[in-house]
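Keep the model open while reading.

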Amino acid sequence: MSKEKLIIFDTTLRDGEQSPGASMTKDEKLRIAKALEKMQVDVIEAGFPVASKGDFEAVNVIAKTIKESTICGLARAIDRDIDGAGEALAPAASARIHTFIATSPIHMQHKLRMQPDAVVEQAVKAVKRARRYTDNVEFSPEDAGRSELDFLCRVIERVIDAGATTINIPDTVGYNVPHQFGQLIHNLMERIPNADKAIFSVHCHNDLGLAVANSLSAVLHGARQVECTINGLGERAGNAALEEVVMAVQTRQDLFSCNTTLDATQIVPCSRLVSNITGFPVQPNKAIVGANAFAHESGIHQDGILKSRETYEIMRAQDVGWSNNRIVLGKHSGRNAFRTRLEELDIVFDSEEELNSAFARFKDLADKKHEIYDDDLQALVTDANLVAENETVQLISVKACSETGEIPTASITLLIEGEERSASATGGGPVDAAFKAIESIVNSGTELTLYSVNNVTSGTDSQGEVTTRLTHEGRVINGQGADTDIVVASVKAYVNALNKLDQGSDKGHPQLGEV
Ligand code: KIV
Ligand code: ZN
């Protein structure tokens with residue numbers, strides 16, 4: 001019996017980017033969009049075009065480039081947002097506008113300060129306006145998870161009449177639990193007279209750790225689109241993790257009457273890419289994409305796996321892309337082999353100079369580390385991009401000393417707007433000393449609110465990938481750096497965050513402010 005299709009709507013580039021510190025550049029977003037297209041994601045929510053010029057351009061370039069997935073832009077239920085989304089999406093082969101307005105008593109009263117009747121009229125008007133640009137229009141009653149059922153039914157019936165083709169039910173604050181959320185979807189689909197004219201979708205946040213469970217419960221009750229993000233990235237505790245939703249549905253086909261058409265072998269490469277670009281590490285015990293997801297430590301488990309894989313594994317590691325992390329290159333690999341492998345990983349350089357500079361870095365790395373894996377290449381390219389985009393502060397050199405019984409010291413030389421400046425400092429350890437030396441030069445006034453180190457591959461010769469988070473006057477900026485030397489990687493990450501801070505951004509947040 002053929003199954004119904006479950007539409008996978010990825011919002012890594014929109015809701016995912018709303019995670020504090022996860023902002024991405026236009027090029028980074030395009031790289032992720034290409035990886036999502038390769039994975040055959042049905043809909044890519046590429047951003048919130050009116051948030052900033054950068055967001056508009058990112059949605060626009062993704063709309064121009066991606067041909068296999070539908071490209072979606074978010075818009076509040078106001079003319080300016082809808083027109084901005086329509087314009088940004090104009091070049092898309094397949095475009096969707098996603099418009100939303102809050103429907104819960106608490107949001108209508110305190111955020112919108114609007115009467116329910118006015119909310120209904122504004123929702124209808126927004127959907128009609130969006131239909132001027134595309135016949136693929138999604139409507140979300142924001143905070144549906146805390147809205148009154150009768151009111152939700154009223155709004156949804158009207159927006160379907162106005163032309164909405166997808167109705168997305170967000171559990172905006174992650175308040176629902178699975179049986180209740182599934183029942184909500186069931187009730188809406190039963191009670192709304194024109195429910196059969198739209199596809200029902202869900203968008204769950206993970207505040208109680210239930211985003212995936214709620215989404216799956218909704219699918220069991222008739223939802224046919226799930227909104228999710230790679231690695232569960234997203235506002236606060238994040239959104240439902242794409243990899244978990246997809247693998248639950250694919251693995252438990254005995255329970256689900258629908259299936260996705262996603263190429264699951266792209267899940268792990270995509271997860272690595274998003275983690276590299278955003279600097280949000282994946283916890284080792286994370287389902288599907290965590291380093292330990294398919295590792296069997298205990299003797300009993302290992303014995304069982306050797307006798308028959310099914311004893312302790314419900315999925316095959318290679319089916320979600322784990323086998324892709326091959327040893328690909330080494331010290332003697334040439335420029336052509338390097339370029340070919342990067343192309344296989346969908347990494348293409350704009351110019352020969354960029355390729356040459358990445359190749360020089362690769363040779364440097366291969367001298368320090370004999371076996372180069374795909375993950376090393378991803379980290380190397382991300383690191384190279386960071387340097388290319390950093391203009392104001394550049395690292396010239398770092399020297400760090402640590403010895404038992406001695407106070408760690410570090411000396412730094414930076415190039416700041418063409419001028420070389422050096423400083424030394426002591427600290428609790430060499431990294432602390434290096435950061436203090438940098439601060440004595442730049443006096444950024446920032447607070448370091450996160451410092452994390454991850455090894456890109458295994459072994460002590462692995463590159464360390466460092467994330468730093470700086471907070472300054474309410475802004476949160478993540479910086480990244482990779483190197484086989486942890487102190488150098490840390491300094492690169494700190495300098496990267498300083499540069500991002502310097503570039504600044506007055507990006508609007510879709511769920512705050514007007515409407
Ligand atoms: O969480 C939410 O309600 C959203 C909407 C914009 C769909 O992200
Ligand atoms: Zn959301």
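The lining of the second largest pocket splits into 16 nonpolar, 19 polar and 5 charged residues. Here Ala, Val, Leu, Ile, Met, Phe, Trp, Tyr, Cys and Pro count as nonpolar, Asp, Glu, Lys and Arg as charged, and the others, Gly among them, as polar. This is a predicted model, in which local features need pLDDT of at least 70, side-chain atom pairs count only at pLDDT 80 or more, and totals for chains, interfaces and linings use all residues. Residues are numbered from 1 along each chain as its sequence is written, chains are lettered from A and ligands numbered from 1 in the order written, and side-chain values use heavy atoms, without hydrogens and water.

The second largest pocket holds about 690 Å³ of space. It is lined by 40 residues, and Arg-272, Asp-375, Asn-455, Val-456 and Glu-465 are the closest to its centre. On a 1 Å grid over the protein atoms alone, a pocket is an open set of points with protein on both sides within 12 Å along at least five of seven lines; a cavity is a set where a 1.4 Å probe fits but cannot get out; lining residues have an atom within 4 Å of a point. Points join across faces, edges and corners, and a volume is the space filled by probe spheres set on them.

Helix 14 (374-389) is among the elements that give two or more residues to this pocket's lining. Helix 14 gives the most, with 7 residues. Helices (H or I, at least four residues) and strands (E, at least two) are DSSP runs, numbered from the N terminus. Domain 1 (4-278) and domain 2 (393-503) each supply at least three lining residues; their bounds come from an automatic or database domain assignment.

Now turn to the cavity. The search finds 1 cavity of 30 Å³ or more. The largest cavity has a volume of about 110 Å³. Arg-14, Glu-142, Pro-170, His-203 and Gln-511 lie nearest its centre, among 14 lining residues.

What surrounds ligand 1? Its surroundings include Arg-14, Glu-142, Pro-170, His-203, His-205 and Gln-511, each with a heavy atom within 4 Å. A polar side-chain atom of Arg-14 lies 2.9 Å from a ligand oxygen. For His-205 that distance is 3.0 Å.

Methods: A polar contact is a pair of N or O atoms within 3.5 Å; within protein, one must be able to donate a hydrogen and the other to accept it, and residues adjacent in sequence count only if both atoms are side-chain atoms.
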